[in-house]
Amino acid sequence: MKVELEADKCVASGQCVLAAMDVFDQDDDGIAILLADEPAVELLDDVKEAVAVCPAAAIRLVEQ
Amino acid sequence: MRRIVVVGASAAGLAAAETLRREGYDGTLTLVGDEPLAPYDRPPLSKQVLAAEWEPERLALRTADALAALNLDLRLGVAATGLELTGRTVELADGSALPYDGLIVATGVRPRRLPGEGAHVLRGIGDALALRERLTPGRRLVVVGAGFLGAEAAAVAWRLGCEVTLLEPAPVPLAHAVGAEVGEILTRAHRERGVNLRCGVAVTEVTEDGVRLADGELVDADEVLVAVGSLPNTEWLAGSGLTVGDGVVCDEYCAAAQGVYAAGDVARWHNPLFGTSMRIEHRTNAAEQGMAAARNLLAPDAGRPFAPVPYFWSDQYDMKVQAYGYLRGHDEVAVVEGGMADRRFVAAYRTGDRLTGVLAVGMPPKAIRRWRQAIAGRAAWQDAVRTEVPVTEVS
Ligand SMILES: Cc1cc2nc3c(=O)[nH]c(=O)nc-3n(C[C@H](O)[C@H](O)[C@H](O)COP(=O)(O)OP(=O)(O)OC[C@H]3O[C@@H](n4cnc5c(N)ncnc54)[C@H](O)[C@@H]3O)c2cc1C
Ligand code: SF4
């Protein structure tokens with residue numbers, strides 16, 4: 001699984017960081033940054049949570 | 001449970017449907033929405049869409065593939081018209097009836113209107129496209145209501161070269177929501193740019209030429225946008241036996257009755273973190289509550305109270321406003337970081353002896369995060385605001 005982030009949709013809410021600290025961070029303007037675009041399997045549930053709560057639908061999980 | 005119906009095909013309804021599948025529910029899942037469009041996002045309507053930066057296609061909440069993967073019985077363009085609680089059926093406008101074992105109500109809100117014809121409102125894609133077509137340079141736009149929605153639209157219209165008048169019935173915009181001082185700071189940003197903000201004026205009617213005020217004055221306009229709050233879409237539940245009172249009334253598990261849950265803008269539930277009943281019109285809450293309702297519907301015996309720290313943001317000109325917690329009904333506001341004068345600050349909100357909210361403008365996210373945690377941890381006001389720098393009290 002690969003994580004995709006559409007940074008120009010991001011509204012800097014930080015919800016993804018709350019859901020998956022090891023996968024997302026925010027820059028100084030609050031825009032999300034991907035720390036890992038192919039996260040370890042044990043982080044998948046957290047990433048799915050982040051996809052679900054992101055208010056901008058800016059995060060996607062794609063099967064490879 | 002083999003048949004679940006979700007009514008309302010937007011942020012909350014979609015989050016509920018996705019969560020049901022993620023949690024392993026593999027029965028029939030019907031998603032009903034009265035709009036003919038696949039679930040889309042609303043916040044960009046008063047921002048990028050109104051500014052003509054984004055076309056509506058960008059608002060789709062999920063790709064067609066992701067939607068298809070949910071294996072939904074998708075009923076778009078048809079409204080739910082009735083609910084039979086005892087018989088467990090939802091009635092649709094096309095005359096069909098949907099039996100259910102579990103139901104999630106996520107029908108959102110609609111804009112309040114004013115007497116008279118011809119005013120714009122801003123809730124759906126069609127509304128935003130109709131308004132943006134009119135926002136050409138030099139046109140006179142009157143926005144009634146200087147809440148977050150009206151203020152965002154005013155800011156965009158100003159940027160597009162319109163002559164903008166913003167009318168607000170309260171003496172200070174947003175005072176009930178964020179406090180008078182913060183309200184002043186945000187509205188100063190409008191005045192500085194030449195937006196004509198008039199407070200303490202009541203609009204009684206929309207006319208062909210503009211709007212009529214309570215004292216008889218006519219404020220001329222080419223276009224009028226009414227942004228004076230919203231009404232929960234609960235009419236279809238009349239006579240069902242569900243308790244409705246400014247929203248579908250739920251307990252702390254988001255349950256409105258056995259097997260019936262509500263989520264998003266339409267839901268009024270008891271938030272145990274703040275010990276109060278609330279109904280929240282924030283984008284993040286719609287998703288979080290949709291998820292919570294879905295989980296509790298599937299496992300009522302292991303139900304988890306829905307106790308979020310509410311979050312919202314708003315974009316106005318070059319300012320990003322972010323707020324965590326429950327600011328309404330606060331007793332005191334204090335600036336705890338930065339300063340209001342240069343519009344870079346964190347303001348903390350006290351209700352009783354607790355820290356119940358923070359609002360930040362122009363601050364990096366890391367500066368806000370610890371405040372959010374303090375709210376989630378029910379921090380006492382005294383502990384939360386004790387810093388080396390003395391705080392400035394503003395109300
Ligand atoms: C212009 C605009 C800008 C916003 N900006 C922000 C922002 O910056 N930050 C923020 O936090 N929040 C913002 N919001 C609020 C946010 O969009 C809402 O909180 C969110 O959309 C709520 O989602 P929901 O699914 O609960 O309700 P809705 O999005 O209202 O969806 C409910 C759906 O149910 C449908 N429906 C209603 N009745 C029926 C029926 N009887 N049968 C079938 N379907 C029905 C409706 O047509 C609608 O599609 C904004 C809202 C608007 C309109
Ligand atoms: S949750 Fe979405 S909008 Fe919020 S910071 Fe993360 S990517 Fe951006």
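Where is B:Ser240 found in chain B? B:Ser240 sits in the loop between strand E16 (230-232) and strand E17 (248-249). Helices (H or I, at least four residues) and strands (E, at least two) are DSSP runs, numbered from the N terminus. This is a predicted model: local features need pLDDT of at least 70, side-chain atom pairs count only at pLDDT 80 or more, and totals for chains, interfaces and linings use all residues. Residues are numbered from 1 along each chain as its sequence is written, chains are lettered from A and ligands numbered from 1 in the order in which they are written, and side-chain values use heavy atoms, with hydrogens and water left out.

Stay with B:Ser240. Its relative accessibility is 10%, so B:Ser240 counts as buried (under 20% relative accessible area; exposed is over 50%, partly exposed in between; 1.4 Å probe, protein chains only). A polar atom of its side chain lies 2.6 Å from the backbone oxygen of B:Leu237. Beyond neighbours within four places in sequence, B:Ser240 is in contact (heavy atoms within 4.5 Å) with B:Leu83 and B:Leu85.

Now turn to a sheet in chain B. This open sheet has 6 strands, in the order E3-E2-E1-E7-E19-E18, with mixed pairing. Two strands pair if DSSP finds at least two bridges between them. Strand E3 (73-76) and strand E18 (255-257) stand at the edges; each has a single partner strand, so one side of each lacks a neighbour in the sheet. Strand E2 (residues 28-33) runs parallel to E3(B), joined by 4 bridges. B:Leu31 has B:Leu74 as its bridge partner in E3(B).

Note on methods
Polar contact = N/O pair within 3.5 Å; in protein donor to acceptor, adjacent residues only side chain to side chain.
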